[in-house]
Structures are given as structure tokens and as C-alpha cells.
Amino acid sequence: MEQIELVTPKTLQVTKPLTMVSGSILPKYELVFETYGKLNDDGSNAILICHALSGNHHAAGIYESENTKGWWHEHIGSGKSIDTNIFFVVCSNNLGGCHGSTGPASINPSTGKIYGSDFPIVTCKDWVASQNTLREHLQIDCWAGIVGGSMGGMQVLQWSIDYPDKIKNAIVIAAAAKLSAQNIAFNEVARRAIMEDADFHDGRFLEYNTIPKKGLALARMLGHLTYLSDDMMGEKFGRELRTEKLNYNYEVEFQVESYLRYQGEKFATKLNFDANTYLLMTKALDYFDPAAEFNNDLETTLAKTTANFLVISFTTDWRFSPERSQEIVKALLDNNANVSYAEITSQHGHDAFLLKNDHYEAVFSSYMNRISTQLQTGRK
Amino acid sequence: MSKASLEFKIITKWVSKNAKVLDLGCGDGRLLKHLNHKLAVTGYGMEIDPEKTVKAIKSGINVLQSNLDRNDIQRYFAKNSFEFIIMTQALQVVRRPDLLLEQMLITGKESIITFPNFAHWRNRVQLFFGGKMPQNEALPYNWYDTPNIHLCTFKDFEELCKNNNIEIVARSVINKQNKTTLCMKIAPNLFGEVALYRIKKY
């Protein structure tokens, strides 16, 4: 039987104010995080995991109280791609999140009330700055690697730009250097769904003891759609009906409708995802464009980056397609960076980065092996 | 000494120290690793096969999983990005070897190409007396499942070079036994099994 590590989340209280990209200042904040494995004597074996939009700090292991495995337990653990016998793995909940780190549902110290819509807009750069404070707290001089998929991959890229001497290896999975108009458009529809829910109350819904459940579920349904591929949906649902015949009404008739409604419902109620966090995360995605600071030139943006890169994309991912990953690869090549690129054949669309796949695992673990070899030889 | 190692030896002699190298169809990355070890070259490998890409990652080289028939060289690299672009035993599997050669000579200052000689006497004998497509150690596939869609002879290749203004800087012909025999020197197109060409634009 598979051995899964028991984990307990920890909280870092940060009292040093954070000046955010938007100009707002967060006087103090908390970051909740988990660690797996042990930090070695010279602190050289630390891997940071950056989570995606709806993810959190519970990336691996299992809690004593409940039976929920971490969202990336397929890849993190004893003998897995990110082997916790070798690496010290850290994952924190992003600032503005709703799983323990300071976010819109936290109390605003200056008013004593829930932040709600007053929580400042967070950007990818702010996340990375807060994660860097966590790095200092954990006394990690330099990450052996930073790994992330989707929005997590964007944070990895940002790390390599903002703190080039604090990251030796960057693994960027199913990401992009910025969002396309289509990506932003999908996010905007999701936000409209939430903000136009009568229970949203301009973001102050918690004070009204309610949540914009319908809007959030709708936003999730839309988001979820963009994670799947046409092929996969065709194979999984096709035109299969819930009952034996068509009813010619507006009730749920096709299995795919039922599935999407379930996903939306689960997200809004069972997982209790905060609607303001959803808005924040999608905004942070929209604003992500590190090259904007460098004359829109990604090559110059990555000029100071010294990390070795592994970039991974998935064939049926249309949210962040292989071409988007290749743009990152190209900019790295223009800088003569050490970069490898793999394109994984998968029918699972964007979601593939979270799922099991032999080729994906082989690429991933081979690269992690390289990092562990670097640790042993003590050279880059 | 294996066949691969003689090929490697000749290539190693041709490539300069600290050169920036692109290896097309790099397989498990063995050649780049060898060149890095011997000559401290830097650079990248390109490989279409997923499993070989994994092996190349394992070997420690920089590898880009890519498709040479999809213009991936152009996608990633500007003119004169490399001192050498090497392609061992892959020319015959691409869709348009002539266009690829041109791309290679734009992207790199020099190219090194190796490929099997279709006009080797054993192939000629099989086709002439057997009346069937040659099948042997160098060409192990059936005519219907072979990835080798553009087999050519040394003569064919040299003619293409001449027509496309490509200078042959050096040529080396070897056989399975890793030797260059007298016969191969006199009639390379009949006795040579594998040729290595070092080429550049005139």
C-alpha cells in the first residue's frame, strides 16, 4: 500500500508590510503552508510548488482528521516524481486565497470588519514577493526548483524574473507568458456571473450572511469547460442522455449538463470557495504580463534569468495551448538559457497537468532526477 | 568499437571547441553529451519521439520535443544561431530534405549530415537479383512501414548540393566494420554504407 505522509498546515505571520503592485499596502498578513520531506543540512534541496486558480497549500500528504489527499499527491510523495525522500517540498496558499492565507474573507485590521471587496487586487508579482518572505522564514537560501502548472507556472516564470538568484530550476507546466484576449474574455464572463448574482452585495456578502452561490457555480462551470477538451468531452459524455428520451424542456437532459452543474455546485457549496477570491485570482491572471515592464519583449524580460528550465505543454490544452508554451521556450532560447521542452499527448485538455499520464510522469521525474543529481554533485 | 562511435569520432574531429551546436533528431542525446564532454560544446537537441525525449532529458542535455516537418527550427532559432547543425541518420525521414538542408544552412554556419547509402552494393544486389526492396541491417524496415521516405545515394546527395549552391567541405565514408577500405575510396557510392558530409553555403 502507498505510504502517504500525515501533514499539518502551518501559518506564517508576516508583520513586514507588503507594498503591492497596485500601490496598496497590506500592513500584515498570514500565509498558510505545508511542507513535505526534510530540509537537508545546507538547505539546498527545497522545492516550491505554486498552485493554480482553485488550488491551495494542501498539495500532498493527508490530514489526520479527514481523508483528503493533496491536489498533487500523484506527483509529490515518497518515490514519486517529486520524491520527498530527496526533496523538501513547500506549498503555500496564495495571498488573497480562501484556504487560510489572508484574503477577502479575513478581517481588515484597519476597520475590524471582513475585507470583502476592500481586499486589494493581488498580482502574480505580489504572490512571488510574499512567497519570498516565506523562503526567508524557512531559511532557504535558494530553491533547488520551483514547479507550477497553469497559474502556478506563471508564478514560476515570475520568480525567475524577480529573484533570478533564488531559483536554480524552473518547471513551467501548461502555462503562458500572458493571457490572450480569449482567456481574459472567459475570465470576464465568470466575474460577471458572480458580480451580478443578487447575493453578491458588492462583495460584502459575508456581512449579509450569504454567498453568491449561483454566480460562483456558473463561473466554475464556465472555467471548468475551458479545462476540458472537445475530444475528451465527446468521449466521456457524447450526447448521452440522463433519461431514455428527449423531454423537450429546459431541465437537465444531457449527461454533460448534469456533470457541469455538479461541478459548479460542488465548487460553490461543498468546497466553499470564496467568490471574492475567485474574482481576485482571475484578475491576477488577466494582469499577468511580465514582459509589459520590458517593452513587451519577453526575451529582454528573461535576460537576467539564470535558472534551468523545463517547459511542458499538453496537445489538447486550448486554454494555454502548446504554442503558448513554445513562446516561453523561444524567449529562453533567445537568451541561450538551458531549457528543455516536452509536449505531452493527452486528450484531457488543460486539466491534464493534474492527471496521471505515463509520458508526463517520465518527463517530470527524469527532470527531477537531474535536479537531485545536481544536489549530489553540488554543482549547477 | 561500435559503428556509432566511429561516426562520433569523425564528427568530433570536425566540430570546434566550445561551439554552439544544434543536433536534429538527437535521440537519447548521446552525441550532444559526447561533444559536450570532449569539446565543451553547448546547445540543444531536437527530437520528435516522446520516449527518446525522456531519455535525452535523463542524459542531462537540453532537448526540445519538436517536429522538423513543422518548421520548428525556424520557430525557435534565428539566422546563424549555431556554429554547427548536426543531423545523423535523419535526413531520409523528413518530408522535404532539400528544404530542411536549406533551413539548416541558414540557421547554422556549417552542417554535418550523415545518412545510409541506398546505392551500397548489397542494396543493388537485393533489388537487381531479388527484385525486392532492399532489407538489411542498415535498412531494416518493410517498404510499407519504413520511416525512410527519402532514401538517397551519395551521388544523389552531392547532386542536390551542387544544384543548391552547397559546398561540401569534407566527406567521410564508412562501412559497418567502421572502416574506410580501399574499395570505398575508389568507389564510395558502391561500397560505402554510411556517409558523413560537412557542408556549408557557398
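Reply: What follows goes through the ring pairs, then the charges placed over rings. The model is a predicted one, and over all chains it holds 23 aromatic pairs. One of them joins Phe115(B) and Tyr197(B), whose ring centres are 5.8 Å apart with 5° between the planes. This pair is stacked, because planes under 30 degrees apart count as such. Phe115(B) belongs to strand β5 (residues 108-116) of chain B and Tyr197(B) to strand β7 (residues 194-201) of chain B. The two residues are 82 residues apart, so the pair links distant parts of the chain. Phe115(B) has a relative accessibility of 1% and therefore counts as buried. Tyr197(B) is buried as well, with a relative accessible area of 0%; the cut-off for buried is under 20%.

Another pair is made by Trp143(B) and Tyr144(B), with ring centres 5.5 Å apart. Their planes stand at 90°, so this pair is edge-to-face. Trp143(B) counts as exposed because its relative accessibility is 66%. Tyr144(B), at 55%, is exposed too, since exposed means over 50%.

In chain A, ring pairs also build a cluster, which links Trp71(A), Trp72(A), Phe314(A), Tyr360(A) and Phe364(A).

Arg220(A) lies over the face of Phe267(A), 4.4 Å from the ring centre. In chain B, Lys20(B) has its charged end over the ring of Phe82(B), at 4.8 Å from the centre of that ring.

Definitions and conventions
Residues are numbered from 1 along each chain as its sequence is written. Chains are lettered from A and ligands numbered from 1 in the order in which they are written. This is a predicted model: local features need pLDDT of at least 70, side-chain atom pairs count only at pLDDT 80 or more; totals for chains, interfaces and linings use all residues. Side-chain values use heavy atoms; hydrogens and water are left out. Rings of Phe, Tyr and Trp (its six-membered ring) pair if their centres lie within 6.5 Å; planes under 30 degrees apart count as stacked, over 60 as edge-to-face and the rest as tilted. Helices (H or I, at least four residues) and strands (E, at least two) are DSSP runs, numbered from the N terminus. Buried means under 20% relative accessible area, exposed over 50%, partly exposed in between (1.4 Å probe, protein chains only). A charge sits over a ring if NZ of Lys or CZ of Arg is within 6 Å of the ring centre and within 35 degrees of the ring normal.
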